[in-house]
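Subject: Structure for you to look at

Hello,

Here is the structure I said I would pass on. Please look through it before reading my notes below.

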Amino acid sequence: MNATDDWYDVSRVVDGTYGIDECDKYGMYLVEGSSRAVLLDTGVGVGALRGLVDDLVETPVTVVLTHTHWDHIGAASQFDEVVVSPVELPGDGRISVDSISDEFAHRPREFARQWLADDNAFPDDVDPDEYTVEAFEAAPAPMADGLPLGDRTLEFHHLPGHSPGHLGVLDPETRVLYGGDIVHVDHGLYVLFEGSSLDAYLESVATLRDWRDDGRFDVLVTSHNEPLAGSELSLLDDLLDGLHEIADGEREYEVVETTWGRAHSYRVGTSNVLTKPTV
Ligand SMILES: [Zn+2]
């Protein structure tokens, strides 16, 4: 198995836009404009993502990180130009697996151990014992101006809550909104990390609901699910209702144990919203 097209699954979302999947779980998107391409997120970083991307597009590539959790920054060190929300950029411009919080430092090791225990392999030329998420230099995303691709400009928006500087990236041409970890279907919505905020998350989901109603996007793509469109976007209404009830203390929850300690788990639609227990 090679570390490029064998390791990653590539699919077409719309013309000039590719979905790239690592391990059937960690999604990235490559958006090609006439003079620049943007790669949204970089997975867990086992494969040779740069090689794959260079085969798919002709133009220079800017990596945009929706946020700096470990499973979005994995292969960022392979690229020359990486931008991220100023909120998640350390003073020295250097991002590592623990720069936002040390809660994620153990995740690459755990992932590798579990992946192999589940009878999967690494690419032939990648030694699982050597696998790590390498630190890299990044620059602040051009929040006000957006990022010109030649034929159009991608817009950046802050959608915090899951992480403090979580970005949404809107392609006004294809009307696709790249939402990172803003929603998950059928698995946990984590609002329990250092820098997570339920109030901020509620505001972000309300913003998405308004943009949907205003017709600013037709498709919401996220990092760990298939793209959502049409009636599927009604999940934003259920989620917003649920978040209001959680914020008001009116929603039932279960106490569960997670990798990150004890949490309150609220069933909302098909997902569980996970928060830190309030003390
Ligand atoms: Zn995340």
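Strands β4 (residues 37–40) and β5 (residues 61–64) run parallel and are joined by 4 bridges. Strands here are DSSP runs of E with at least two residues, and helices are runs of H or I with at least four, numbered from the N terminus. Two strands count as paired if DSSP finds at least two bridges between them.

This is a predicted model: local features need pLDDT of at least 70, side-chain atom pairs count only at pLDDT 80 or more, and totals for chains, interfaces and linings use all residues. Residues are numbered from 1 along each chain as its sequence is written.

Both strands belong to an open sheet of 7 strands with mixed pairing, in the order β1-β2-β3-β4-β5-β6-β9. At its edges stand β1 (8–14) and β9 (139–140), each with a single partner strand, so one side of each has no neighbour in the sheet.

In total, the chain has 4 helices and 19 strands. Its C-alpha trace spans about 50 × 45 × 35 Å along the principal axes. Of the 279 residues, 40% are buried, meaning that 20 or more other C-beta atoms, placed from the backbone, lie within 10 Å of the residue's own.

UniProt, in an unreviewed entry, lists residues 25–224 as "domain: Metallo-beta-lactamase"; such annotations may be inferred rather than shown by experiment. Over residues 25–224 the chain is 18% helix and 23% strand, with the end C-alpha atoms 6 Å apart.

Regards

How values were computed
Buried ≥ 20, exposed ≤ 12 C-beta atoms within 10 Å, placed from the backbone.
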